[in-house]
Amino acid sequence: MAVAASRALLLYTVAAAALLFPAVVAQLSPNFYRSVCPQALPTIRRVVKKAIDDEPRMGASLLRLHFHDCFVNGCDGSVLLDDTSTFTGEKTANPNLNSIRGFDVVDKIKKEVDRICRRSVVSCADILAVAARDSVSILGGPRFTYQVLVGRRDARTASLNDANNNLPPPFFSFSQLLANFQTHGLDFTDLVALSGGHTIGLARCTTFRARIYNDTNIQTNLASSLQRACPLTGGDNNLQPLDGTPAGFDTQYFGSLVRNRGLLHSDQELFGTGSAASDALVRLYSGNPARFAADFAASMVKMGNMGPLTGSNGEIRTDCRKIN
Ligand code: HEM
Ligand SMILES: *[C@@H]1O[C@H](CO)[C@@H](O)[C@H](O)[C@H]1NC(C)=O
């Protein structure tokens, strides 16, 4: 074969391979499932909507699952893996134990999306990213509906230690929170915007007890009513809303921080503790839903881009709770 012809053939082969196997491009995209299963994303949204109709808190629980997935070695579905006699997952790590929830809903989504797509093509890591976006959108409306990127694959490993070490605890100070986010490649704006995830959902007494008995930067009325709901001993699992509208994705969380009504110590660290920049951003978001929506969306996309497995790395799990 002539050199020119063989070179042309090689070029053609490379181009065809790139078209046939877009996964070789190690990047997430909004269109990853467009040809392989166009109904994938609408199907996920339908199951999430039904789950939130059944229990409004589920939207918060699904959003948090994606966060707890991404902060532990990237958004790779590792948080979903069950413990077995030969495998230790992340579910018993301190930040997760008796705390993260929504696994049954993830199982339902996976079953339904595999049925609609007629095979297992959608990763569990992508299901978490899409379910988080849909939860925010359903509880916040069109303003909070952002474009989600997909194309992640699922891990064959998990790390209990990394789950214990990489997720920020609620007793962290502002500078500790910022340092933690920076180790994940996230910045100050990401910290404040993503903490806005606490505009939905509930927390257990054990996560805010130290704050309501010992912190001084808490509104007196709030402290006394929370102390009735969360005694010094007992009632560890009593639940309280993270802001005044725990089933509405809005800017109330930031308004509550300005009035010293943050539920977690880590929430209130974002306002009035010495960072003028953080005070200003909290004030800005509290009165500017459009700005919060835009920044939250950008930070969610950034968080969702953390260490994804793509190409031929990892796998597409058939059961989100175990490796294939
Ligand atoms: C900034 C550092 C963060 C800390 C220290 C923190 C800590 C916590 C704690 C202690 C709880 C209560 C857990 C329980 O009582 O079982 C909680 C709940 C929650 N967190 Fe965070 N979190 C942080 C960031 C985030 C981020 C970035 C998101 C999402 C974007 C998020 C979303 C949620 C949601 C939605 C809930 C309520 C879950 C439910 O009701 O099931 N958090 N968080
Ligand atoms: C309040 O602080 C004191 C002193 O550090 C500590 O002994 C106590 O356990 C704290 N109370 C709560 C409810 O965390």
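**Salt bridges, a helix crossing and an iron site**

Author: The side chains of Lys91 and Asp82 meet in a salt bridge, with N and O 2.5 Å apart. This is a predicted model, in which local features need pLDDT of at least 70, side-chain atom pairs count only at pLDDT 80 or more, and totals for chains, interfaces and linings use all residues. Residues are numbered from 1 along each chain as its sequence is written, chains are lettered from A and ligands numbered from 1 in the order in which they are written, and side-chain values use heavy atoms, with hydrogens and water left out.

Reader: Why is Lys91 called buried?

Author: Buried means under 20% relative accessible area, exposed means over 50%, and partly exposed lies in between (1.4 Å probe, protein chains only). Lys91 has 15% relative accessibility and so counts as buried. Asp82, at 23%, counts as partly exposed.

Reader: What does the salt bridge of Arg321 with Asp82 tie together?

Author: The closest N and O atoms of Arg321 and Asp82 are 3.4 Å apart. Arg321 lies in the segment after helix 14 (289-304) and Asp82 in the loop between helix 3 and helix 4, so the pair ties together parts that are 239 residues apart in sequence. Helices (H or I, at least four residues) and strands (E, at least two) are DSSP runs, numbered from the N terminus. Asp82, Lys91, Asp104, Asp107 and Arg321 are linked in a network of salt bridges.

Reader: Why is helix 3 called roughly perpendicular to helix 4?

Author: The axes of helix 3 (residues 57-70) and helix 4 (residues 103-117) come within 10 Å and cross at roughly 80°. Angles of 65 to 115 degrees count as roughly perpendicular, under 35 as roughly parallel, over 145 as roughly antiparallel and the rest as oblique, so helix 3 is roughly perpendicular to helix 4.

Reader: Which protein atom is a donor of the iron atom of ligand 1, and how do you know that it counts as one?

Author: The only protein donor is NE2 of His198, at 2.1 Å. Donors are N, O and S atoms within 2.8 Å of the metal (3.2 Å for Na, K and Ca), so this atom qualifies; water is not among the atoms, so sites may look incomplete. His198 lies in the loop between helix 8 (188-195) and strand 1 (202-204).

Key. Axes are lines fitted to C-alpha atoms, for helices over the stretch in contact, and angles run from 0 to 180 degrees between N-to-C directions. A salt bridge is a side-chain nitrogen of Lys or Arg within 4 Å of a carboxyl oxygen of Asp or Glu.
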